[in-house]
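Colleague: Before I use this model for anything, I would like to learn how to read its packing and its secondary structure, one feature at a time. Could we look at it together?

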Amino acid sequence: MKRFPQNFWWGAATSGPQSEGRFNKKHANVFDYWYEVEPEEFYGQIGPDTASNFYNSYVDDIQLMKEIGLNSVRTSIQWTRLIDDFESATVNEDGVDYYNKVINEFIKQGITPVMALHHFDLPVELYHKYGGWESKHVVELFAKFAGKCFELFGDRVKHWFTFNEPMVIVDGQYLYQFHYPNVIDGKKAVQVAYNLNLASAKAIKVFKELGMHRKDAQIGIILNLTPSYPASQSEEDVKAGRIADLWRNEMFLKTAIYGEFPEKLVELLTEDKVIWESTDEELNILKNNTIDVLGVNFYHPSRVKAPDISPNSTADWTPDRYYDQYEMPGRRMNIDKGWEIYPQALYDIAINIRDNYKNIKWFVSENGMGVSKEERFLNDSGVIEDDYRIDFIKEHLEWLHKGIEEGSNCFGYHLWTPIDCWSWKNAYRNRYGFISNNIHTQVKTIKKSGYWIKEVSKNNGFL
Ligand code: BG6
């Protein structure tokens with residue numbers, strides 16, 4: 001029997017914009033807006049309007065989460081739902097009432113609510129007016145919004161996260177065109193990365209000023225860590241791996257934990273003349289407002305090799321001038337999603353955190369397997385037999401367990417996601433849940449993996 005530490009979090013994660021639906025929401029976030037203007041950009045032309053209907057069905061949905069043994073669940077508070085006026089952070093009464101009810105329902109069902117403040121859902125007005133995360137004014141507005149959330153819900157929510165995967169915002173909005181406004185601009189990407197780090201630190205500063213630690217609360221950030229494995233041990237490949245790690249992982253990880261950007265990254269960006277604008281006061285805020293706890297989203301490793309063409313070629317600056325993706329022969333894939341399956345990386349992450357990041361308290365805040373057309377696996381009783389998902393989770397947990405046994409301070413595992421939910425441009429293409437969702441009827445049904453996790457949670461481990 002592989003047993004996990006006492007009070008281990010067995011749970012799952014979703015987000016406001018992906019589960020609630022737009023019902024009664026006064027403002028649009030960047031995805032709401034993008035769908036309004038270019039619905040054809042979304043898989044099956046399905047947008048966020050209904051999502052998994054959590055706004056209306058949260059009582060039944062939380063009941064199902066309880067039924068499969070989840071003891072903690074993450075979602076997020078939508079800035080565009082809670083706030084009426086972004087400048088003054090005046091609240092929307094319906095939004096406050098809704099989040100109060102959701103939080104109370106989780107607690108009533110014995111599920112610890114875990115809240116993120118931002119899951120890719122920038123209010124679109126703040127992009128059109130100020131350039132969104134390019135703007136330090138928006139950073140200020142985010143800190144105000146965060147403060148409101150702590151004041152309103154901090155008596156019951158004890159686990160807060162400033163951002164989910166800030167790196168994906170940088171990638172999606174400023175480099176690889178999968179988040180509105182689909183800009184390609186390396187220099188802006190660098191400034192946005194800095195501003196997101198600053199926004200997180202400023203929210204933590206407000207958290208402290210409001211005395212939240214004295215109320216037994218803790219705050220962190222959720223980072224998608226994709227360890228970079230070089231194609232070979234040649235000097236060039238190893239260097240490519242190093243730079244990929246600096247940019248993709250350490251730019252947020254080191255800053256969140258040590259309050260300082262990685263020196264080598266600052267050197268490289270300075271040399272390339274794309275370094276961000278910062279002030280001493282801001283750097284001080286970053287230094288003094290580090291996280292208490294870390295969430296790690298892990299789906300797949302990244303394999304890199306030295307770039308085929310020289311970084312000094314003529315082109316606008318982007319970070320991937322320093323590395324190319326390496327297609328490793330024989331790699332094990334989840335073909336539906338196009339991601340490599342490499343569970344051992346979770347062990348490597350655990351040991352890296354133990355040895356290089358103060359052995360900070362952390363949990364797996366997302367891991368999971370997106371599979372298309374899961375109706376293929378329906379049995380006669382109408383249950384999706386997702387054995388592939390059970391195997392996937394188990395293998396990841398085995399490696400995680402090894403990391404914990406060797407001293408890494410991990411306190412939980414959350415699957416993406418409790419109930420199949422809407423996923424940005426991919427809409428409902430890849431299903432990840434313990435519970436399926438018929439998007440035409442909104443009928444939700446527990447999958448085989450849901451029954452399996454119930455046992456794991458009950459036994460605090462598995463054979
Ligand atoms: C995670 C995000 O990285 O990936 C989620 O935090 C997202 O918001 C999930 O839904 C799955 O993405 P996709 O594109 O496979 O549906």
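Modeller: Let us begin with contact, which here means heavy atoms within 4.5 Å. The model is predicted, with local features needing pLDDT of at least 70 and side-chain atom pairs pLDDT 80 or more, while totals for chains, interfaces and linings use all residues. Residues are numbered from 1 along each chain as its sequence is written, and side-chain values use heavy atoms, leaving out hydrogens and water.

Colleague: With that cut-off, which residues is Leu294 in contact with, leaving aside its neighbours within four places in sequence?

Modeller: The list for Leu294 holds Phe161, Ile221, Leu223, Leu253, Ile257, Ile353, Ile360, Lys361, Trp362 and Phe363.

Colleague: And which residues touch the most other members of the largest nonpolar core?

Modeller: A nonpolar core is a set of buried Ala, Val, Leu, Ile, Met, Phe, Trp, Tyr and Cys residues joined through side-chain atoms within 4.5 Å; buried means under 20% relative accessible area, exposed over 50%, and partly exposed in between, with a 1.4 Å probe and protein chains only. The largest nonpolar core here has 138 residues, and those touching the most other members are Trp79, Trp133, Trp160 and Leu294. Helix α9 (residues 186-209) gives the most to this core, namely 13 residues. Another core, of eight residues, lies apart from it and includes Phe161, Val293, Phe363 and Phe411.

Colleague: How should I read a helix, and which residues of α11 are buried?

Modeller: An α-helix has 3.6 residues a turn, so residues three or four places apart point the same way. Helices (H or I, at least four residues) and strands (E, at least two) are DSSP runs, numbered from the N terminus. In α11, which spans residues 263-271, the residues Leu265, Leu268 and Leu269 are buried. They fall within an arc of 95° seen down the axis of α11, and therefore line one face of the helix; the arc is that of the directions from the helix axis to the C-beta atoms. The face of α11 turned away from that buried side carries Glu263 and Glu271, which are exposed, whereas α9 and α10 (235-258) are among the elements that cover its buried residues. After α11 comes Lys273, with a positive phi near 60°.

Colleague: How many of the residues of helix α8 are buried?

Modeller: Nine of the nine residues of α8 (residues 166-174) are buried, so this helix is largely enclosed by the rest of the structure. Its buried residues, among them Asp171, Gln173 and Tyr174, pack against α2 (30-37), α6 (124-130), β7 (159-164), α9, β8 (218-224) and α10.

Colleague: Turning to strands, what is the order of the open sheet of three strands?

Modeller: Strands of a sheet pair through backbone hydrogen bonds, either parallel or antiparallel, and two strands count as paired if DSSP finds at least two bridges between them. The open sheet has the order β9-β11-β12 with mixed pairing, and β9 (228-230) and β12 (324-325) are its edge strands, each pairing on one side only. Strand β11 (residues 302-305) pairs with β12 in the antiparallel sense over two bridges, and Val304 has Gln325 in β12 as its bridge partner.

Colleague: Finally, how many aromatic pairs does a search of the whole structure find?

Modeller: Rings of Phe, Tyr and Trp (its six-membered ring) pair if their centres lie within 6.5 Å, with planes under 30 degrees apart counted as stacked, over 60 as edge-to-face and the rest as tilted. The search finds 45 aromatic pairs. The pair of Phe4 and Phe8 is tilted, because the ring centres are 4.9 Å apart and the planes lie at 45°. Trp422 and Trp424 are edge-to-face, at 5.6 Å centre to centre with 65° between the planes; Trp422 is buried at a relative accessible area of 0%, and Trp424 counts as buried at 9%. For charges over rings, the test is NZ of Lys or CZ of Arg within 6 Å of the ring centre and within 35 degrees of the ring normal. Arg303 lies over the face of Tyr342, 4.9 Å from the ring centre, and the charged end of Arg429 sits over the ring of Tyr43, 5.3 Å from its centre.
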